[in-house]
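Please brief me on the model shown here.

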Amino acid sequence: MGHRSRSRHPTLFASEAVDLPPGFHHLPGFYDAAGQRSILVDIRAVLADAPLFQQAMPKTGAPLSVKMSNAGTFGWVTDREGGYRYQSRHPTTGKQWPPIPSSLLELWKKLTGEVIPPNLCLINFYDAEARLGLHQDKGESSLDAPVVSVSLGDDATFLVGGMSRKDPVRRLRLHSGDVVWFGGPARLIYHGVEGIVPGSSSLLTDEGFADGGRINLTLRRIDRPSDEMT
DNA sequence: CAGTCCCT
DNA sequence: ACGG
């Protein structure tokens with residue numbers, strides 16, 4: 001530790017200053033190590049009650065590589081027969097989703113200033129092979145409310161597009177403890193996850209997730225469940 | 001169209 | 001571009 005070796009290469013600063021779309025916010029290092037562990041403990045308890053499960057695309061039945069679960073009044077669910085929808089019960093256990101941990105409700109209020117709390121927390125688990133193609137978070141009735149996202153565990157290459165599928169896409173490296181949120185003009189922006197960097201964080205393995213990986217939490221507000229939304 | 005596959 |  002004898003000398004300062006931090007790079008001050010100008011292009012590094014330039015790449016950090018990537019201009020993101022209006023309404024899209026990246027807060028690197030929002031949670032310190034203790035804060036990350038605290039949320040992960042909450043999520044581990046949620047998952048004990050509402051285990052991760054494999055979802056599938058509407059009509060084709062193509063499986064999603066990201067394993068998911070939910071907390072809140074509603075959860076995001078998709079399968080071949082029913083398509084994208086919000087429902088109050090876990091598809092395999094039949095139980096209602098556990099409540100959203102208070103730490104995440106506080107984050108939502110602190111960040112967005114929204115008076116109405118989120119009622120859906122989607123839990124996404126990425127193993128070494130998991131990806132999530134470019135998509136829009138639509139279907140929610142409340143497009144006024146933003147989407148808030150917390151990254152835990154391994155780094156991810158996040159894709160930030162535009163309002164059209166063919167708009168140019170930026171890559172954004174997300175680290176454990178980062179928070180991203182988007183609303184207003186960015187609420188329907190195309191986004192996705194190109195992949196993770198396996199083994200880049202020890203948070204999950206330290207907290208008992210044997211194989212590591214990445215957990216992402218997304219908070220939203222929806223007004224009602226739905227049978228299908230494409 | 002939150003999927004996979006294949007091509008310039 | 002595809003098929004569902």
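**Briefing on the predicted model**

Arg220 sits in strand S12 (residues 214-220); helices (H or I, at least four residues) and strands (E, at least two) are DSSP runs, numbered from the N terminus. This is a predicted model, in which local features need pLDDT of at least 70, side-chain atom pairs count only at pLDDT 80 or more, and totals for chains, interfaces and linings use all residues; side-chain values use heavy atoms, with hydrogens and water left out. Residues are numbered from 1 along each chain as its sequence is written, while chains are lettered from A and ligands numbered from 1 in the order in which they are written.

- Arg220 counts as buried because its relative accessibility is 7%; buried means under 20% relative accessible area, exposed over 50%, and partly exposed in between (1.4 Å probe, protein chains only).
- The side chains of Arg220 and Thr218 make a polar contact at 2.8 Å.
- A polar contact is a pair of N or O atoms within 3.5 Å; within protein, one must be able to donate a hydrogen and the other to accept it, and residues adjacent in sequence count only if both atoms are side-chain atoms.
- Asn124 belongs to strand S5 (residues 120-126).
- With a relative accessible area of 4%, Asn124 is buried.
- Leaving out residues up to four places away in sequence, Asn124 touches Val66, Lys67, Met68, Leu132, Arg214, Ile215 and Asn216; contact means heavy atoms within 4.5 Å.

**The loop between H2 and S2**

- Pro51 lies in the loop that joins helix H2 (33-49) to strand S2 (67-72).
- Pro51 is partly exposed, because its relative accessibility is 33%.
- Not counting residues up to four places away in sequence, Pro51 touches Met68, Ser69, His90 and Thr93.
- Lys59 counts as exposed, at 67% relative accessibility.
- The phi of Lys59 is near 70°, a positive value in a residue other than glycine.
- Most residues other than glycine have a negative phi.

**DNA strand B**

- Around DNA strand B are Met57, Ala62, Pro63, Trp76, Tyr84, Arg131, Leu132, Gly133, Leu134, His135 and Arg165; a residue is near a strand if one of its heavy atoms lies within 4 Å of it.
- Strand S6 (residues 132-135) gives the most to this surface, with four residues.
- By class, the surface has seven nonpolar, two polar and two charged residues.
- Ala, Val, Leu, Ile, Met, Phe, Trp, Tyr, Cys and Pro count as nonpolar, Asp, Glu, Lys and Arg as charged, and the others, Gly among them, as polar.
- Sugar or phosphate holds 69% of the atoms of DNA strand B within 4 Å of the protein, and bases hold the rest.
- A polar side-chain atom of Arg131 is 3.3 Å from a phosphate oxygen of DNA strand B.
- For His135, a polar side-chain atom lies 3.3 Å from a sugar or linking oxygen of DNA strand B.
- An N or O atom in the side chain of Trp76 is 3.4 Å from a base nitrogen of DNA strand B.

**Chain A overall**

- Chain A has four helices and twelve strands.
- Of its 230 residues, 49% count as buried.
- The mean pLDDT (the predictor's confidence in each residue, from 0 to 100) of chain A is 90, and 90% of its residues reach 70 or more.
- Over residues 1-17 the pLDDT is below 50, and this stretch has two contacts in the model beyond near neighbours in sequence.
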